[in-house]
Amino acid sequence: MTRDYYELPKSGSVMRFLWKCAGGDRYLLERSTYSDQIKYMCLGGIVFATGAMAGLAGGYAFYTIFEPRGSAIENPIDLQTVFLALFFGVIWGLMIFNIDRFIVTSTGKGDGTEAITVGELKSAFPRIIMGVIIAMTISKPVEIRMFKTEIDIKLREKQLEQQAEYQAKVDKTYNDREKLLDKEFGSIAEQRNVLNKRIEVAEQAYTDNLMGKAGKIAAGNGPLSKALKSQLDDLTNQLASFDKQNGKDLIELNKRKDALRIAKEKERGNNEKIANGLDGLLERIKIAHEVSGFWISLFITLLFMAIELTPIFFKLMLTKTTYDYLAENRDELIKAENGIEVRYDYYKDKLGIERHLIINHEADKLIFEKIKVSEIQRELTEYAVSKYKERELKKIDENLDDYIKNIQE
């Protein structure tokens, strides 16, 4: 707009875009002061930056949740999850941007002074709570990305601890199951174990004698060695005979033991896979709190809260400017064009609070016309009925007999 006393610089496309982000009226801003334009541009910049940060944080959180699990240190980037995370990040950023835009545009100027009163805080409290929640959802993914290296090291340590714990549990579980299996077969397994132990003892004695480890007794294949060999052969024959007599039961026992061993090895093979599953978003947030400490984590959260809540407090601190008066004038003109009259602080309600009286003149006019048309139609109907009555009475007076005859028929 051209003026003799004041000429505004022409607004650029970036400035107009940021005005839209802040919910500003371009028509009014181009007719306001430069300071108004800058204020709404800054507000829009904060809203846009918050949406952009929310998109990045949401995308990173999505990738952390759905990425393929592996070693916390050696974990390559998965392109498919990256594209999905980018798509989700854009949707999430637009959603937060829209919520922030609504919060900023729905926050008024308060009482129009620079001071923030208790009443203004009460009215803005729901918007402040929404802003705090949004700030926390943005700050946590950013926090785990900031300390990613330290988190990866700690997380890998936990994964290795998880592997050791899981392996110990697997070994204990399957050892207990093997003991229960031996107990199930009762004396057969016990007797065979006794024979095996006796064979081991006899075999060791025979070997020690041949090697000269049996003390003062001469080494070699002497009478004692032959006797020990005979005892060993006898025990071996007893084991073979025992296996022959209890063959079916022993085959079943060994088969089930082999199945247990195979299952045990399979579970131990899953050990690393299960431990690598300890790589979720919640675990990383916990480790981030451990790594950064309470104060640093709080500082990061407060930083994003300050960014998120700045537009709300900023609008509460603003005094009325040219733009606000132009906006009020625009609203009043639109009300007048549509026949809406607002009489401010016209009456008090039951609680003694001043209320506005809103008169919709167009609606009142239409209602008045409808009422008058209804009244006229009613009067015309009454007149028609009365004339019809007069005509019928005249007919009766002129020919009473015919009227009575028609009634009887």
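User: A nonpolar core is a set of buried (under 20% relative accessible area, 1.4 Å probe, protein chains only) Ala, Val, Leu, Ile, Met, Phe, Trp, Tyr and Cys residues joined through side-chain atoms within 4.5 Å. Which residues touch the most other members of the largest one?

Analyst: This is a predicted model, with pLDDT of at least 70 needed for local features and 80 or more for side-chain atom pairs, while totals for chains, interfaces and linings use all residues. Residues are numbered from 1 along each chain as written, and side-chain values use heavy atoms, without hydrogens or water. Of the 25 core residues, those touching the most other members are I138, I144, I151 and I312.

User: Which helix supplies the largest share of this core?

Analyst: Helices here are DSSP runs (H or I, at least four residues) numbered from the N terminus. At least two core residues come from each of α3, α4, α5 (118-146), α6 (148-185) and α11. The largest share, ten residues, comes from α11.

User: How are α3 and α11 oriented to each other?

Analyst: Helix α3 (residues 34-66) packs against helix α11 (residues 281-317) with axes 10 Å apart, and their angle is about 160 degrees. Over 145 degrees counts as roughly antiparallel. The two helices are therefore roughly antiparallel.

Terms used. Axes fitted to C-alpha atoms, helices over the stretch in contact; angles between N-to-C directions. Parallel < 35°, antiparallel > 145°, perpendicular 65-115°, else oblique. Buried < 20%, exposed > 50% of the residue type's maximum accessible area, 1.4 Å probe, protein only.
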